[in-house]
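Subject: Structure handover

Hi,

Here is the structure for you to look over. My notes follow below it.

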Amino acid sequence: MSPRSIYLVTALIGGAVLPVQVALNAFLKRYVGQPMQVTFISYLAGTLASLTICFFARYPLPTWTSLSQTSWWMWVGGCLGTLYVWSTIFATPKIGATLTLALTIAGQMIAALFLDHYGVIGLTKYPASPLRITGIVFVIIGVSLVAAKK
């Protein structure tokens with residue numbers, strides 16, 4: 001398997017677990033109550049899982065020196081993750097997991113196209129070619145089909 005294939009399969013698996021996460025979080029909401037409470041539980045469980053993996057893999061803790069060299073905006077990723085998890089917990093019971101994730105994917109693709117095109121936040125620039133834009137248009141058409149009423 002080529003290195004690129006490993007990245008492609010990893011991304012595919014990462015995407016495949018999202019609907020399971022969304023379904024589990026929506027189910028947990030029935031018992032916990034508010035979407036933000038479930039978001040907290042989800043992140044707490046994820047933090048413990050990450051800590052356990054780091055411990056067993058013997059990854060060293062980052063040094064205070066390396067952490068002090070970061071900027072405040074580099075820490076916003078966790079907040080954006082919280083918004084993502086909360087939004088799926090909030091929307092899924094009302095519009096279903098399929099439409100929630102279809103809209104999530106469309107939003108990701110549109111935002112990613114701009115981030116790639118402009119090389120925002122230190123990303124390598126990948127131009128928004130007509131072919132890439134067409135791919136996103138197909139994603140939007142797919143979302144429209146998922147959202148359409150019978």
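Among contacts in the chain between residues at least 6 apart in sequence, what percentage join residues at least 24 apart? The figure is 54%. Please keep in mind that this is a predicted model.

**The chain overall**

The chain has 150 residues, and 17% of them are buried. Its secondary structure consists of six helices and zero strands. In sequence order the pattern reads α-α-α-α-α-α. The C-alpha trace spans about 55 × 45 × 35 Å along its principal axes. The accessible surface of the chain is about 11,500 Å². Carbon and sulfur atoms account for 74% of that surface.

**One helix pair**

Two packed helices are described by the angle between their axes and the distance between the axes. Take helix α2, residues 35–57, and helix α4, residues 76–95. Their axes come within 9 Å. They cross at roughly 125°. The crossing of α2 past α4 is right-handed.

Which residues make the contact? From α2 come P35, M36, V38, T39, S42 and Y43. From α4 come G78, G81, T82, V85, W86, I89 and F90. What kinds of residues are these? In the contact of α2 with α4, eight are nonpolar and five are polar. No charged residues take part in this contact.

Best wishes

Technical notes:
Residues numbered from 1 in each chain as written. Predicted model: local features only at pLDDT ≥ 70, side-chain atom pairs only at ≥ 80, totals over all residues. Heavy atoms only, no water. Axes fitted to C-alpha atoms, helices over the stretch in contact; angles between N-to-C directions. Helix = DSSP H or I, 4+ residues; strand = E, 2+ residues; numbered from the N terminus. Left-handed = near helix turned anticlockwise from the far one by under 90°. Contact = heavy atoms within 4.5 Å. Nonpolar A, V, L, I, M, F, W, Y, C, P; charged D, E, K, R; others polar. Buried < 20%, exposed > 50% of the residue type's maximum accessible area, 1.4 Å probe, protein only. Areas by Shrake-Rupley, 256 points an atom, 1.4 Å probe, with all protein chains shown as cover.
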